[in-house]
Amino acid sequence: MTSTQHGHETAPPRATKAQMAQIKQRAAILSVMATLLLTGAKIVGAILSGSLALLTDALQGLIDVGSTLFTWFAVRVSDKPADDEHHYGHGKVEALAALVETAILFTLAGAILWEAGNRLWTGLIESVQVTPLVIGIMLLSMIVDAIRWRSLTRVAKETGSEALSAEATHFSADFVGSALVLAGLVGVWYGLARADTIAAFAIAAFTALSAYRLARRTIDTLLDAAPQGVSERLREAADGVPGVAGVNWLKVRPTGGRVLGEIGISVSRTLPLERVATIREELAAAFDRIEPGADIAVTTDPVQVDDETALERVLLIALKLKIPVHHVTVHSIGPRLSVSLDMEVDSKLPLGQAHEIATRLEAAIRAEFGGETEVETHIEPMETETPTGHDAAWQTVEDIGKALATETAKCDGPIHDIHSVRVRQTPNGLVVNYHCRVDPALDVASVHAAVDQIERAVRIARPQVCRLVSHAEPARETTVA
């Protein structure tokens, strides 16, 4: 059964960067071809009809050809990957193309305004021949400009291309300009001599307005202005990722249809590197859902969070100093803390050097909790090589199993069903591993205390045992017949 049958539409697959580059380049080259054909038609129509207005529109089309060629070039260059000289890629080339497009629009608006004002000032009224050919060419021009305006706007939104967005704005001005020229021709047809000049003023005003709007977007891009609303959405997404203690700063900027940026987040200093890496991956995935294609560099700042325990802080200090510790206990003795721990060092290390390591660890703990902190370290030898061993004889395994069962019965505690007993003979003595069962509702501290009681009794009864490792399992539920 498909997802649509359950009432949920399947989202279309997202285009890759290479596919978006092909879409942009195809749209740009089609725009160039359409401009060339339309400009050629206008020139032919102007020569056949002798229409000065149509000839002016054809000359403007020649400028459009140069503009679309530059847009096509800019789109191709902007898709080039980063190199040694352009570490952030070539996306700003599209903003440069949009800036050139803005200059062209302002120039056209100024030229049209100058010519229209000159006609009003001099009182010159040129003879305009309104023929079916001229009307047909203007209608064709409007249809082509409308199609290009719509298609380029759609592609620009899909790919985030600033150059194609500028080109779409240009063709929107051409469409409105052709519509106003057509309106002026209709006015002349009905005897309004100044209709063509009035239409020219309207064309100049609309072109200038389009250029102004495009200039604002382009300048914002060149000045790295943050896209509206993006920072807020990304910050909200970061706050929702588990493990992110806070957002310290966020910087974003648009380039080449994408959003580039940096974010600094706080994470607990007790987290392992693997967990921090996972947080970064989850953050990147959240950003991609909100702003597809965004490239946000993540910087993590380890901080002390409010719920960090004293034990975690001691373990973190030892981890930073690369000193293995275990059996860490932290007690509150009046107004001060008492910390005791076992510290492992190379078994062949001289005691003097081992004591220096212990002193360094003790000093770091006092610096963390205060000079009045009581710190006691027990130095233990650390095995740097893997010791050899072998399974003990079955008689030994049976003897240890009986000892475990006997001491468990004597303790009369929650531990029962001793099973999976394994005994290994090592140079240091016997290492015993076994499983047992206990009420699943009992808390861990109580279970640990009961297991310790049994293990102490076994080691007294069997001195050859150097280590016992127990694995407590929840007791199975009994079925009532």
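Helix α7 (residues 230-239) packs against helix α8 (residues 273-290) at an angle of about 145°, their axes lying 9 Å apart; helices here are DSSP runs of H or I with at least four residues and strands are runs of E with at least two, both numbered from the N terminus, while axes are lines fitted to C-alpha atoms, for helices over the stretch in contact, and angles run from 0 to 180 degrees between N-to-C directions. The crossing of α7 and α8 is right-handed, a crossing being right-handed if the near helix is turned clockwise from the far one by less than a right angle and left-handed if anticlockwise. Arg233, Leu234, Ala237 and Ala238 of α7 meet Leu283, Ala286, Phe287 and Ile290 of α8, where contact means heavy atoms within 4.5 Å. By class, seven of these residues are nonpolar, none is polar and one is charged, with Ala, Val, Leu, Ile, Met, Phe, Trp, Tyr, Cys and Pro counted as nonpolar, Asp, Glu, Lys and Arg as charged, and the others, Gly among them, as polar.

The model is predicted, so local features need a pLDDT of at least 70 and side-chain atom pairs count only at pLDDT 80 or more, whereas totals for chains, interfaces and linings use all residues. Residues are numbered from 1 along each chain as its sequence is written, and side-chain values use heavy atoms, with hydrogens and water left out. The mean pLDDT of the protein, where pLDDT is the predictor's confidence in each residue from 0 to 100, is 76, and 68% of the residues reach 70 or more. Over residues 1-14 the pLDDT is below 50, and this stretch has nine contacts in the model beyond near neighbours in sequence. Where pLDDT is low, the predicted coordinates should not be read in detail.

Strand β5 (residues 336-346) runs parallel to β6 and is joined to it by nine bridges, with valine 339 having valine 375 in β6 as its bridge partner.

Within helix α9 (residues 310-320) lies arginine 313, which is buried at a relative accessible area of 17%; buried means under 20%, exposed over 50% and partly exposed in between, with a 1.4 Å probe and protein chains only. Leaving aside neighbours within four places in sequence, arginine 313 is in contact with Arg269, Gln304, Glu308, Glu368 and Phe369.

Another open sheet has four strands in the order β7-β8-β9-β10, again with mixed pairing. Helix α11 (residues 394-411) packs on this sheet, touching β8, β9 and β10, and its direction makes about 140° with that of β8. Strand β8 (residues 416-426) pairs with β9 in the antiparallel sense over seven bridges, and the two form a hairpin with two residues between them. Strand β9 (residues 429-438) is mostly covered, as ten of its ten residues are buried, and β9 pairs with strand β10 (residues 465-474) in the parallel sense over nine bridges.

Definitions and conventions
Two strands pair if DSSP finds at least two bridges between them.
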